[in-house]
Structure formats: structure tokens, C-alpha cells
Amino acid sequence: MEQVSSHTPGYASWQGDVWLGHCGEACIFLGYVGSKELAPVWAEVRDDAVASGWGEDTIQHHMHKDGDMTGYLFQCQHCGKHRLHVDAN
Ligand SMILES: [Zn+2]
């Protein structure tokens, strides 16, 4: 397995750091995403989108990675599942 955890960059969010985990460990932060970037992994992050409380439809269709509402895309280092955190200013 690739040693990617040491290359994970830090990031700043509007409401403080939220670091998602999966398989009992911290996920890798992949970057900021909008609806367009989420399309290929939507099936994996849908539950997180619903749980975020920002509205599934809004996140799936009206979010921009440089907009007021931004997605933070993470990936599990073990199983490869994508996870999503959504934040807005
Ligand atoms: Zn996992």
C-alpha cells in the first residue's frame, strides 16, 4: 500500500477543522469540491451529503468548489471509500 498519509495537506475550513475517518483511521484529504467534482463519487458520498443537513439536492447540483458552500472530499486509506464534509460561510 502506498504511503500517502504523510502527504496529506492540512486545510482550513470556515467552521474549524473537521477531519473525517473511515475504517477506524483518519481519511486522506483530497481537496475542495463542488457538485461537478462529486458526480463520479456521488454514490459513495450521498450518505454524508444527506447527513450534512445542507440538502442533498443543493449539494448534488448547486455547490461550487469556490462558492459560499464548499465540499471537502476525503478518501479512506484502507478501503478507498470517498467521504464528504460540507461547509459554508
Ligand atoms: Zn474505509
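Let me start with the metal: the zinc ion is held by four atoms, His 22 ND1, Cys 23 SG, Cys 76 SG and Cys 79 SG, at 2.0 to 2.4 Å. A donor here is an N, O or S atom within 2.8 Å of the metal (3.2 Å for Na, K and Ca), and water is not among the atoms, so sites may look incomplete. This is a predicted model, in which local features need pLDDT of at least 70 and side-chain atom pairs count only at pLDDT 80 or more, while totals for chains, interfaces and linings use all residues. Residues are numbered from 1 along each chain as its sequence is written, and side-chain values use heavy atoms, with hydrogens and water left out.

Back to the zinc site. The angles among its 4 donor atoms run from 99 to 115°, and the site is tetrahedral, meaning four donors with all angles between 85 and 135 degrees. Along the sequence, the donor residues follow the spacing H-C-x52-C-x2-C. Helices (H or I, at least four residues) and strands (E, at least two) are DSSP runs, numbered from the N terminus.

Which of these cysteines are buried, and which partly exposed? Cys 76 is buried, at 4% relative accessibility. Cys 23 is partly exposed at 46%, and Cys 79 is also partly exposed at 46%. The cut-offs are under 20% relative accessible area for buried, over 50% for exposed, and partly exposed in between, with a 1.4 Å probe and protein chains only.

How many disulfides are there? The count is 0, taking a disulfide as a pair of cysteine sulfur atoms within 2.5 Å.

Next, the aromatics. There are 6 aromatic pairs, that is, rings of Phe, Tyr and Trp (its six-membered ring) with centres within 6.5 Å; planes under 30 degrees apart are stacked, over 60 edge-to-face, and the rest tilted. One of the pairs is Phe 29 with Tyr 72, tilted, 6.3 Å centre to centre with 40° between the planes. Phe 29 lies in strand E3 (residues 28-33) and Tyr 72 in strand E4, so this pair ties together parts 43 residues apart in sequence. Both Phe 29 and Tyr 72 are buried. Ring pairs also join Trp 19, Phe 29, Tyr 32, Tyr 72 and Phe 74 into a cluster.

Finally, the whole chain. It has 3 helices and 5 strands, in the order β-β-β-α-α-α-β-β from the N terminus. Of its 89 residues, 37% count as buried.

Definitions and conventions:
Tetrahedral: all angles 85-135°; square planar, octahedral: opposite > 155°, others 65-115°.
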